[in-house]
Amino acid sequence: DKLISDMRLANCNAVVVEVRKRGDAYYNSNFEPKATDVSPQSFDPLAYMISKAHDTSGGKQRIEVHCWLVTYHIWNPSTAGGVPSQPTHPYNLHPDWLMKDINGTTYIDKQYTFDQGHPAVQEHTFNVALDLVTNYAIDGLNFDYIRYSSANEGYNDVTVARFNKMFGRSGIPSTGDAVWKQFRRDQITGLLRKIYLQTMAVRPSVKVSVDAITWNPSPANLSQWYSSSAAWNNVLQDWRGWLEEGIIDMVIPMNYYRQVANPQDYLKWMNFAKDNRFGRHAIIG
């Protein structure tokens, strides 16, 4: 109630609310358990938010509700081995879907993550997204962490086997292998493409957005995007390509630079986003 009141006082037209934290739901999901901090458990935070935000009675301003989902991170215990309390949590049901790094580790930076290249992960994540589009009058889907954390990741056995079969390879690809890097980029793009096309078929008014990596070095032109940007090279997130293909409606570059301290980085990323929209929207985060 306070959030929506504050949004109207600020004359904002949209709010992006976290509906999926780590394999859980702040709504009534058909695929994942209710978040443990929803009380009572019968309460539907998203439905309540939509009812308040879309209420235009008495001349109130309608506010769009965009659903913020953490895309691949699935569980973040403080120490390795901790498990979610919900028996139906996807981490508990599908440990074979976990991503590994090049050393075979699954607990990475205090996170467990589902592997982007595992077909069952793609199907599950697609189902989570379309469940929202189908059953709630939402205005947007916003995907966070729709990337890798580094190029050292993505080594689930199923993913590596798929790659080797596709390219006639064997063994474990090196982290910097250009073909392996592109294969991993394509896994994320393929999921986003499928979600976008089906969302447009089911509820074409929904706007699909992503929270996009900036980081240094900041590109001044297109060649630097491919040669040195962290988004393309390190976390394998081709958000410029998604705009060019038209499989997102908005990009939200996480341009987290203090303008007084990093004015050129802030400006370069802002201009790069502005110049590579391909008729879509760029919102500077």
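Modeller: Strand β2 (residues 64-70) and strand β5 (residues 140-144) pair in the parallel sense, over five bridges. Two strands count as paired if DSSP finds at least two bridges between them. The strands themselves are DSSP runs of E with at least two residues, the helices are runs of H or I with at least four, and both are numbered from the N terminus. This is a predicted model, in which local features need pLDDT of at least 70, side-chain atom pairs count only at pLDDT 80 or more, and totals for chains, interfaces and linings use all residues. Residues are numbered from 1 along each chain as its sequence is written, and side-chain values use heavy atoms, with hydrogens and water left out.

Stay with β5. Opposite its Phe143 stands Leu69. On to β6 (residues 207-212): β5 and β6 run parallel and are joined by four bridges. Gly140 stands opposite Lys207 in β6.

How many residues of β5 are buried? Five of the five are, so the strand is largely enclosed by the rest of the structure. Buried means under 20% relative accessible area, exposed means over 50%, and partly exposed lies in between (1.4 Å probe, protein chains only). In a regular strand the side chains alternate between the two faces of the sheet. In β5, Gly140, Asn142 and Asp144 point one way. Leu141 and Phe143 point the other way. Residues on both sides are buried.

β6 is mostly covered, with five of its six residues buried. It pairs in turn with strand β7 (residues 250-253), in the parallel sense and over four bridges. There, Ser209 stands opposite Met250 in β7.

Next, the loops. Most residues other than glycine have a negative phi, and most peptide bonds are trans. Pro217 lies in the loop between β6 and α7 (222-228). The peptide bond to Pro217 from Asn216 is cis, with omega near -5°. A cis bond also runs from Ser39 to Pro40, with omega near 0°. Pro40 sits in the loop between β1 (14-20) and α2 (45-53).

Two residues call for a check of phi. Leu236 is not a glycine, yet its phi is positive, about 60°. This leucine is found in the loop between α8 (230-233) and α9 (239-245). At 0% relative accessibility, Leu236 counts as buried. Phe278 also has a positive phi, near 55°, and is a residue other than glycine. Its loop runs between α10 (263-275) and β8 (281-282). At 39% relative accessibility, Phe278 counts as partly exposed.

Last, the surface. Met166, Phe167 and Val179 make a nonpolar surface patch of about 270 Å². Patch residues have over 30% relative accessible area and no salt bridge; like charges are joined within 9 Å, and nonpolar side chains (Val, Leu, Ile, Met, Phe, Trp, Tyr) within 5 Å. A salt bridge is a side-chain nitrogen of Lys or Arg within 4 Å of a carboxyl oxygen of Asp or Glu. Accessible areas come from the Shrake-Rupley method with a 1.4 Å probe; for residues, only the protein chains shown count as cover. Phe167 belongs to helix α5 (residues 157-167). At 39% relative accessibility, Phe167 is partly exposed.
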